[in-house]
Amino acid sequence: MIKKVASLLCAVILSTSFAVGNIASAAVISPDAPAYSYAYDCISELSISGTTATCKSSVIGYSDKTTKIVINQTLQKKNSSGDWEYVYSWYDTIYNYKGSLTNTKSSLSSGTYRLKTVATVYAGTEHETITEYSNEKTI
Amino acid sequence: MPESNFEKALYDALAPEYETAMQDVIDEHEFSPEFERKMKKLINRRNKPYYKIINTAGKRVACVAVIVLIASSVTIINVDARNKFSHFFVNTYEKFSKVRPVEDDSAPTTLEKIYEITYDISDFEIDYFEENEYSRYIIYVKDDITIYFSQYTKEMYHPSINTEDAEILTMDINGHEAIYFTDNNNYTRLIWDNGDYIISIGSNVDKNILIQMAKSVQKVE
């Protein structure tokens with residue numbers, strides 16, 4: 001019985017090792033795996049001066065593919081339990097393969113903030129949605 | 001002779017000899033200290049809770065194999081998490097990679113110096129120009145050729161990039177290690193830390209020309 005268990009354990013670990021090896025050589029499987037087929041760059045920038053946050057989301061597509069970009073910016077604040085809470089959001093649609101959205105939010109209370117950018121990038125009727133976060137900034 | 005008398009006579013005749021012989025056997029044998037140590041060790045081993053798992057040579061070999069495999073698996077996982085670039089942390093997912101510069105407190109937090117491509121691209125038009133105190137992004141276009149050029153402070157550079165089916169390699173750009181790859185849309189991209197800022201250049205132009213463009217990037221103000 002013990003031998004059977006040991007053999008089974010060996011088999012499981014061997015198969016796991018090969019699986020992990022393949023993942024390591026190829027890539028890690030992302031839980032939300034956006035395709036990045038139409039988005040060349042997506043960058044969230046958050047800067048804070050005093051109690052005012054400047055939020056910039058740049059979304060750049062491929063000039064020969066991307067036709068429209070919908071940008072959703074959300075300023076988030078970390079609460080006492082470490083979760084991110086909504087502070088404010090902005091939205092814009094750009095009928096081009098590149099664009100950016102810049103907004104400011106004043107009178108922020110002390111705490112740690114980040115900018116979440118959700119971009120839906122279109123190539124004709126096809127689209128993909130990607131999410132990018134800025135660095136965290138603390139007031 | 002009655003049977004009981006025969007038994008008594010037999011007993012009387014053999015009992016003294018039997019007792020003498022038994023006396024020799026009853027004398028306790030003293031085992032050697034080495035034997036005692038070995039026995040104690042065996043008994044202790046037998047009392048271990050995992051004794052049944054390792055009580056044969058085959059089981060011990062299986063256990064060693066399991067430990068080696070677990071250690072190998074952990075090593076493989078660590079290799080994936082380990083950063084192989086000197087200036088960037090690159091986490092590669094199935095279809096994209098997250099690129100993060102290595103933290104550098106001494107790097108400028110705003111664009112104090114501006115870098116540009118000095119390779120002759122005068123026949124290209126600027127199709128997009130966007131800048132603030134932390135970043136600068138220019139797209140040059142000529143016919144079906146597009147060049148993406150950007151300069152970011154290290155603090156602000158936080159992108160995800162299309163690396164699906166791409167192998168990320170490194171090359172030297174003017175003494176700086178650049179990461180480069182060709183994505184599945186046939187755009188080659190080079191990203192490097194020039195000591196102060198993160199410079200990125202990407203295009204669907206010939207790769208060798210792109211490398212020349214990258215090497216021509218210089219401070220212009």
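This is a tour of a predicted model, selection by selection. Local features need pLDDT of at least 70 and side-chain atom pairs pLDDT 80 or more, while totals for chains, interfaces and linings use all residues; side-chain values use heavy atoms, without hydrogens and water. Residues are numbered from 1 along each chain as its sequence is written, and chains are lettered from A in the order in which they are written.

**The sheet**

Select β5, β2 and β1 of chain A with β7, β2 and β1 of chain B. They form an open sheet of six strands in the order β5(A)-β2(A)-β1(A)-β7(B)-β2(B)-β1(B), with antiparallel pairing. Strands here are DSSP runs of E of at least two residues, and helices runs of H or I of at least four, numbered from the N terminus; two strands pair if DSSP finds at least two bridges between them. β5 (98-105) of chain A and β1 (88-92) of chain B stand at the edges with a single partner strand each, so one side of each has no neighbour in the sheet.

Zoom in on β1(B) and β2 (residues 96-101) of chain B, which pair in the antiparallel sense over five bridges. B:T92 stands opposite B:S97 in β2(B).

**The nonpolar core**

Next, select B:I117, B:L190, B:W192 and B:I201. These have the most contacts inside the largest nonpolar core, which has 26 residues. Such a core is a set of buried Ala, Val, Leu, Ile, Met, Phe, Trp, Tyr and Cys residues joined through side-chain atoms within 4.5 Å. Buried means under 20% relative accessible area, exposed over 50%, and partly exposed in between (1.4 Å probe, protein chains only). The largest share of this core, four residues, comes from α5(B).

Stay on B:W192. Beyond its neighbours within four places in sequence, its contacts (heavy atoms within 4.5 Å) include B:F88, B:I173, B:Y197 and B:V217.

**Charges over rings**

Select A:Y40 and B:R189. B:R189 lies over the face of A:Y40, at 3.8 Å from the ring centre. The rule asks for NZ of Lys or CZ of Arg within 6 Å of the ring centre and within 35 degrees of the ring normal. In chain A, the charged end of A:K68 sits over the ring of A:Y122, 4.4 Å from its centre.

**Two loop residues**

Finish with B:D143, in the loop between β5 and β6 of chain B. B:D143 has a positive phi of about 55° although it is not a glycine, and is exposed at 72% relative accessibility. B:N186 lies in the loop between β9 and β10 of chain B. Its phi is positive, about 70°, and B:N186 is exposed, at 57%.
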